[in-house]
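Please open the structure in your viewer and keep the selection tool at hand. The tour below goes from stop to stop, saying what to select and what is there.

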Amino acid sequence: MKYAWNAFVIGLIMLTASTGEGNPMVKKAINTPAASEKAGQRPYEMAGREDIRTPLVDFQDINGWTVECYDDADAEFVLSREQKMWKEFTGKLTYTGKKDSSTVILRPPQPIPVDTFDCINMWLHGNVWDWAPEPGSPFVVVSAIVVDSNGKEQALAHCKMRWKEWWLAHTKLDKPLKSMKLSGIKIEGINNPEPRSIYFGGLYTYTEKLEPLVFQPRPSRNLTLLPGQDQGLNGTGDGKLPFPTREQTILPTNYVKDYRCILNMTVEGSYEFLYKGRDAEIKYAYKPVDGKLDEIVVFINGKRFGKPFSLGGVELDGALATGKLTEAKIDGDSLRVVFELVQNRRPARVEYVLRLWQKSLVMDVICRGGRATGLLFGEIEGAAKPRLIPVPYLSFDWQRKPQVLCSGEPDEPVFASVWADWYRSNGSGLFEEHWIKENSAKINGGVRYNAKTDGRRNDMYERVFLTVSPVFEEVLPTIANPPSPRGKVAGERLWQESWGPGDYATEMERSRKLRSYGIDMMTQCNHEISWRDEGESFTMRTKAAPGKGGDKALQDYVAHQKSLGWLSGLYTNYCDMAPVNENWTEDMPQFTPEGNWRPAWPRNYALKPSRAVEMDAKYAPLIKKKYKSTAAYTDVHTAVPPWNYCDYDARVPGAGTFAATFYAYGELLLNDQKVYGPIWSEGAYHWMYAGLASGNYGLAYDDTNFSKEPLNVVFDLLKIHPLECDIGMPWMGQFFREPGWEKPEVIEASVDHFLAATIAYGHIGYLVEEFHGIEKACRSYYMMQQLQKRYAMQSVSTIEYADAAGNMMTPSQAIATDALKLSRLRVLYRNGLEIFVNGSDSVWKVDGYELPRWGWLARSKKGDFLEYSALLGGRRVDYVKSPEYEYLDARGNHAAIGGISTKGAVAVRRKSEGVEIIDILGNEEIAVEAKAQKCTAYDEDGKSLGPVQVKQEGPKTIFTAVKGARKYVMDISTAP
């Protein structure tokens with residue numbers, strides 16, 4: 001989980017600014033290390049590396065340097081061996097201040113002449129992590145101060161220090177600077193009353209010279225490109241990627257099979273695309289004149305729906321362009337029109353090719369020459385009673401969430417959507433805008449084309465899907481990826497993140513304890529600190545953290561976790577690259593359009609996707625062979641929209657296209673599944689990558705609060721769910737956005753809500769953390785494991801919602817009438833599994849079961865599986881009956897259900913050699929349907945505590961719980 005923090009990375013800009021105000025207190029630098037100072041070591045990962053640049057300042061001698069302290073700042077600049085970089089010494093600055101304006105400037109003895117330069121680098125050692133702010137440790141800003149021949153100084157804003165240990169901070173200036181001198185280093189934002197220290201390892205100025213790059217060949221994209229379109233690195237190698245899986249790519253599903261699509265020229269210069277089916281008649285009328293897309297008008301069942309692309313069209317040089325029609329021709333089922341659009345008195349040729357696929361008007365847009373800066377979708381004008389419907393898990397970035405339009409009367413709704421085909425796009429990024437007015441709405445934005453580092457834009461190649469339908473499900477885009485080849489294995493197990501581990505021994509003991517409760521079908525993945533001790537790199541390496549015991553310790557840890565019957569996954573990530581990593585070169589980071597290295601997680605830059613897929617191909621097999629892990633957590637890749645990690649480095653084939661990132665990451669994720677087994681990524685934008693990973697966290701990095709939102713599960717269950725196994729919602733601390741959910745008086749209800757939502761969205765279980773109570777952790781396991789095994793990656797046949805009167809409604813009716821807000825959900829899977837989830841405040845009675853708020857019922861058509869979290873005698877109980885186990889949590893009130901009678905929580909497994917009973921919590925006496933005269937108790941380590949006295953009452957064997965016992969085994973061979 002890393003991408004969420006990238007929003008805090010500051011931009012790199014050049015400022016003309018006052019270098020200091022008022023009369024400073026001036027001190028001399030100390031050119032001798034303190035006698036008590038303990039010498040440190042260079043970063044161990046950099047062993048054998050040599051500095052590729054000659055520093056302007058290497059901080060090996062600071063004799064004559066001075067420290068200027070402004071606005072209540074105080075500081076000391078000392079030659080130091082505490083933190084080493086390239087050589088023996090670094091410069092240590094220790095500072096205090098009283099307010100945000102407190103500032104320190106380090107001055108060399110004389111301004112240092114600088115050759116012509118357009119880049120500044122600094123090796124800096126910080127003192128605070130971005131994701132873990134520490135009171136009294138501000139994020140200070142460090143800048144270089146240069147002075148021109150006229151004596152005018154300017155501070156070149158460089159970086160805000162949000163990391164610990166060493167990082168190579170980099171700034172590319174807007175233009176080269178000449179005849180300058182370095183006159184100081186500015187540190188501002190010093191508001192800490194207690195001393196804090198940072199270190200300087202080298203300052204560099206240079207003119208960037210970019211040499212040609214060579215890349216490994218990559219397979220082709222699995223689709224037909226638009227005429228003249230290039231696919232970057234794809235197609236330079238053998239074979240094809242397995243995605244997309246069809247030429248129609250994102251075309252929504254049409255649920256009526258008997259229909260016709262007709263293209264006619266109605267009168268000279270006017271055309272209509274007509275869908276005729278038993279469900280609806282939809283007409284897209286088009287009279288091309290000036291090239292704007294508001295020339296398209298939609299009618300449904302004879303009534304005017306509106307203009308779906310009002311104020312839409314091709315943007316040239318930053319503005320919506322118009323022009324004249326030069327060609328219009330019907331070719332089979334397609335209409336081809338060509339315009340000469342004009343902007344700034346400069347013409348550009350734009351070609352539209354339109355056809356009707358099912359209910360979708362599909363439009364190709366081509367504009368060559370690099371003039372197009374965007375394709376604008378405009379707004380839907382004339383829609384009656386418009387409403388915006390957000391689609392959970394379909395987001396473009398943070399709060400940028402495209403919407404679906406719902407219009408018309410509740411008993412006759414009309415839905416509309418517009419999507420760019422992300423498989424075919426040649427753009428730099430998709431953008432989103434939405435708003436609603438009385439008779440119009442904006443539901444999506446369009447596509448942006450940004451300049452690469454050479455100042456040129458790519459040609460425009462886009463395919464757009466406009467869909468109008470009376471059915472909500474029919475306006476949702478299809479994800480044309482293959483289903484995960486590891487999905488079956490992934491779906492059988494719950495998931496747990498070790499959040500490290502920081503300590504192997506502690507984590508192994510924790511895992512052994514969980515396993516003693518019968519929690520055997522688990523995948524446990526580890527996070528980045530399994531690779532690092534402090535702030536070193538955490539990916540693209542095959543050397544485990546030396547302070548944790550190195551390779552041997554990590555190998556033993558993985559082997560231990562596997563011995564529990566668990567899948568054990570290590571952390572991997574080819575998005576974040578630290579400059580201390582052994583693979584680092586200045587050609588590795590992504591470039592922004594301005595030519596800067598794109599910052600990523602603190603102390604890292606975003607690795608070029610073209611290199612990421614190469615690094616993964618190299619390191620995944622090495623890691624698998626060395627540590628023998630059986631799963632993986634491939635962090636970040638699906639947590640960043642590909643347009644936010646678009647590499648604009650003009651040396652890279654496909655530069656400036658987000659598709660280059662999407663296809664590289666997709667290939668990488670598939671390779672990880674091939675190498676490791678089941679793999680998961682961070683999620684949030686996983687809708688694009690569904691199936692290319694085995695699953696993702698059920699995250700939404702936007703304002704969607706799943707603990708408050710109604711259960712709008714349609715997109716997830718129909719489009720994402722059949723392809724992969726997503727995790728939880730994802731974990732409880734992320735699911736609940738408001739504080740207080742973990743309080744003792746509400747934690748029970750919180751767990752119920754969390755599990756019910758996980759089941760509703762068809763996700764696999766994220767094991768509830770045992771510090772909330774071991775019975776809750778076990779409840780999450782036993783109530784999820786057999787259920788999720790039955791629905792993982794299964795296709796859904798029916799989704800329905802009940803209104804307040806209990807009437808079942810389609811999703812379209814539920815959305816149009818607001819019955820969706822009750823969150824009374826029924827899902828029927830094609831394998832016969834039926835699930836009811838009640839998210840309403842009142843009890844929902846379903847076939848004799850009373851489902852309280854966030855209660856549920858699940859049952860198989862065959863009758864071999866039953867599960868419910870429901871009221872029994874007015875009190876809630878949790879029960880599972882399956883061939884694999886029977887489970888009952890009576891929640892402190894005696895209950896007798898199925899083959900179990902107890903007061904607390906019990907799991908029962910029936911095997912040929914006997915009956916195994918797991919005493920989870922709160923039991924004094926346990927009764928199990930079995931015939932046995934012998935029973936043995938075992939503690940959590942599996943050691944025998946001796947025989948247990950039993951008695952028979954009808955078909956059940958009863959015994960009193962033994963102190964310290966975790967498991968009981970009844971020998972049914974001794975039955976009378």
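Helices (H or I, at least four residues) and strands (E, at least two) are DSSP runs, numbered from the N terminus. The model is predicted, so that local features need pLDDT of at least 70 and side-chain atom pairs count only at pLDDT 80 or more, while totals for chains, interfaces and linings use all residues. Residues are numbered from 1 along each chain as its sequence is written, and side-chain values use heavy atoms, with hydrogens and water left out.

Begin by selecting R221, which lies in the loop between β12 (196-206) and β13 (259-265). R221 is buried and yet has no salt bridge, for the nearest side chain of opposite charge, that of D230, is 6.9 Å away. Buried means under 20% relative accessible area, exposed over 50%, and partly exposed in between (1.4 Å probe, protein chains only); a salt bridge is a side-chain nitrogen of Lys or Arg within 4 Å of a carboxyl oxygen of Asp or Glu. As for charge, Lys and Arg count as positive and Asp and Glu as negative, whereas His and the chain ends are not counted. Leaving aside neighbours within four places in sequence, the residues in contact (heavy atoms within 4.5 Å) with R221 include Q231, G232, A659 and Y663.

Next, select β12 together with its sheet, an open one of 5 strands in the order β3-β4-β12-β7-β10, with antiparallel pairing. The edge strands are β3 (74-80) and β10 (164-177), each of which pairs on one side only; two strands pair if DSSP finds at least two bridges between them. Strand β4 (residues 90-96) is joined to β12 by 5 bridges, and G91 has F200 in β12 as its bridge partner.

Now turn to the salt bridges, whose count comes to 72. Select R779 and D889, whose side chains meet in a salt bridge (2.9 Å, N to O). This pair links distant parts of the chain, with R779 in helix α9 (residues 774-791) and D889 in strand β51 (residues 886-889), 110 residues apart. R779 is buried at a relative accessible area of 2%, and D889 is buried at 3%. Both belong to a network of salt bridges that links E748, D752, R779, R876, D878, D889 and R891.

Finally, select E884 and K789, whose side chains meet in a salt bridge of 3.3 Å, N to O. E884 lies in the loop between β50 (875-881) and β51 and K789 in helix α9, so the pair ties together parts that are 95 residues apart in sequence. Here E884 is partly exposed, with a relative accessible area of 30%, and K789 is partly exposed, with 35%.
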